[in-house]
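Please examine the sequence and the three-dimensional structure shown below.

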Amino acid sequence: MRALQLLLKTSPAALLLILCLRLGTGAAQELPRNIISANLTIIPNGVPTNYLVTFSVTNHETPYMVIKTTIQATPNVVFPFGNFASTSCLCSTRNFFWDIQTFENATIIGLAQVVSEENICPPDVALYPVTGDKVFVVDNVNITP
């Protein structure tokens, strides 16, 4: 009886809070899962101004997915071999490599996005439904004198 009297004196906001805490949150309030993740590494490549950029993208879902990867950099970075965008099929982890040249400090950005493209993955595999999910990683090249 005492609990019922206390409950009747409680404000509606407090009751709502108790109800939400007791029942938990709905699926709509859960944070979205990361279906892909990425890692960017930059290492010297022989000559002091040359670097190898490795962009690793990992699929955290079971089906294959089509991803588009790009690399962007500050204007002082040169891509001697071009080709800084790629569309490919991703089943687990895939590494993308770029050679760059820079004579001063620079910022590199790797971007991976789940896209809808045909004839990239084998025709007999299940594809992850396209969601537009994307991930990006930023790293710096620091030139030491």
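## Disulfide and cysteines

In this predicted model, Cys 89 and Cys 121 are joined by a disulfide, with an S to S distance of 2.1 Å. The torsion about the S-S bond of Cys 89 and Cys 121 is about 105°, and the disulfide is therefore right-handed. Cys 89 belongs to strand S4 (residues 85-90), whereas Cys 121 lies in the loop between S6 and strand S7 (134-141), so the pair ties together parts that are 32 residues apart in sequence. A disulfide is a covalent bond between the sulfur atoms of two cysteines. One disulfide is found when the whole structure is searched.

With a relative accessible area of 43%, Cys 91 is partly exposed.

## Three-stranded sheet

Three strands form an open sheet in the order S1-S2-S5, and their pairing is antiparallel. Strand S1 (36-45) and strand S5 (93-101) are the edge strands, each of which pairs on one side only. From one strand to the next, the twist averages 20°.

Strands of a sheet pair through backbone hydrogen bonds, in either a parallel or an antiparallel manner. Between S1 and strand S2 (residues 47-59), which run antiparallel, there are ten bridges. Within this part of the structure, Ile 36 stands opposite Asn 59 in S2.

Thr 107 is located in strand S6 (residues 106-114). Its relative accessibility is 25%, so Thr 107 counts as partly exposed.

Which residues does Thr 107 touch, leaving aside those up to four places away in sequence? The contacts of Thr 107 are with Gln 72, Ala 73, Thr 74, Val 138, Asp 139 and Asn 140. With Asn 140 there is a polar contact between side chains, at 2.9 Å. The C-alpha atom of Thr 107 is separated by 9.2 Å from that of Pro 75, although the two residues are 32 residues apart along the chain.

Technical notes
Residues numbered from 1 in each chain as written. Predicted model: local features only at pLDDT ≥ 70, side-chain atom pairs only at ≥ 80, totals over all residues. Heavy atoms only, no water. Pairing = 2+ DSSP bridges. Helix = DSSP H or I, 4+ residues; strand = E, 2+ residues; numbered from the N terminus. Axes fitted to C-alpha atoms, helices over the stretch in contact; angles between N-to-C directions. Buried < 20%, exposed > 50% of the residue type's maximum accessible area, 1.4 Å probe, protein only. Contact = heavy atoms within 4.5 Å. Polar contact = N/O pair within 3.5 Å; in protein donor to acceptor, adjacent residues only side chain to side chain. Disulfide = S-S within 2.5 Å.
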